Amino acid sequence: MGFLERNVNTIFIMLGTGCNFHCRYCMQGSESAAVKPLPTIINEEIYDFIEDILRQQEGGITLHFFGGEPMLYWDNIRKIVEHFEDNERVGFSCITNGSLITQERADFMNVHDFTVTVSWDGGSTSLTRGHDVFADKKRKNILFSLSRLGLSGVLSSAITPMRLMDDFQTIDNEYRDLWNYHLHINMDELFDTGIADKSLVHTDYDAIRGDMKDMTESYLRNAEAPADNDIFNSMLYCRHTLVHDIVMNVRHFVKNGHGTNGGIRNHFSVCGNGLSVLNMDVAGNLYSCHNQFDAIGDIHTPYFTYLNRLLDADRTFDFYREECHACAVYPVCRGGCKLIDAKTRHESYCAMKKAVFEPVLEALAQFGRA
């Protein structure tokens, strides 16, 4: 029997939902009824499946190891990496809380050119996550030994965008001194998919707008600075990188016909989950999102059966048709996350997106840079 045919750039390897942290905003919290146990025994057919995808496409694939906390499943990570270590078209990455990375594991990931992203919320980390891995000198040194290190933070009521970026900057300054290049960074806006701690959603949107406005105006004033400008490339790197990524999304949207084909939206949810991004457990079951736990098929499921199930799990087209098409921030948000229901969108989700993205769009229009 053949495998499901795809054109894929990333496969989230869903290792399991176990975690040694209890982050207040976790979408996979143990109190959630949606979280179900995942298989932990590798079905070796997944290797054939990944190799079959590579034969069908020109591009490579990144295997992104995902938990829970992926380091709890280190043996499976090692087995999968060692199977593909001689295949130049397969890359590796993971997102981790960083607490379980030993020097031996860091060395292994460096040898195999891992991109390792540590979840860290700057000065609010102890509040939101319970433990700050960068406050531990020994742990910090191990993390700094990773040759492709990144940070990913969550914007919530506990921290504003500028403060988060400035906290990122303190880590970036030290890391750059060691490796002579920057961290990769990411900021996610907190959204409520059923998290227990609602206080984190009660955000000061005006403060967020003010930060995004100031950072965008600074970015636009410095955008033409020489490449060796120390202020642009060092002290303001994180602030400017955050804004730059949003600006590039806007330009891509404008360049590609506003994301439509004949006036009809030509994509599903912006994340690409289920299409260019697959979500697969180690047994070969496939999911519409790596934060959902009801499989919509497996590696042998006929394509159109799988596609119909994927579409059933994605309401972003309905939201686009009803509301999103008229929203100013659609060029960046693109309808947002398919896990967010209409009630949550109206209560908090869209307000957060607008607070982050509207000041960038307004500044672009003012500066004439869109």
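A: In this predicted model, the side chains of Glu174 and Lys140 form a salt bridge, with N to O at 2.8 Å. Glu174 belongs to helix α6 (residues 161-179) and Lys140 to helix α5 (residues 137-144), so the pair ties together parts that are 34 residues apart in sequence. Lys140 is buried, at 17% relative accessible area, because buried means under 20%. Glu174 has 34% and is partly exposed.

Lys213 and Glu217 meet in a salt bridge, N to O at 3.0 Å. Both residues lie in helix α7 (residues 205-222). They are four residues apart, about one turn of the helix. Glu217 is buried, with a relative accessible area of 14%. Lys213 is partly exposed, with 41% relative accessibility.

Helix α13 (residues 342-367) holds both Lys343 and Glu347. Their spacing is four residues, about one turn of the helix. The closest N and O atoms of this salt bridge are 2.7 Å apart. Both ends are exposed here: Lys343 has a relative accessible area of 55%, and Glu347 has 53%. Each counts as exposed because the cut-off is over 50%.

Salt bridges can also share partners. Asp75, Arg78 and Glu82 are joined into one network in this way. Overall, the count comes to 13 salt bridges.

Key
Residues numbered from 1 in each chain as written. Predicted model: local features only at pLDDT ≥ 70, side-chain atom pairs only at ≥ 80, totals over all residues. Heavy atoms only, no water. Salt bridge = Lys/Arg side-chain N within 4 Å of Asp/Glu carboxyl O. Helix = DSSP H or I, 4+ residues; strand = E, 2+ residues; numbered from the N terminus. Buried < 20%, exposed > 50% of the residue type's maximum accessible area, 1.4 Å probe, protein only.
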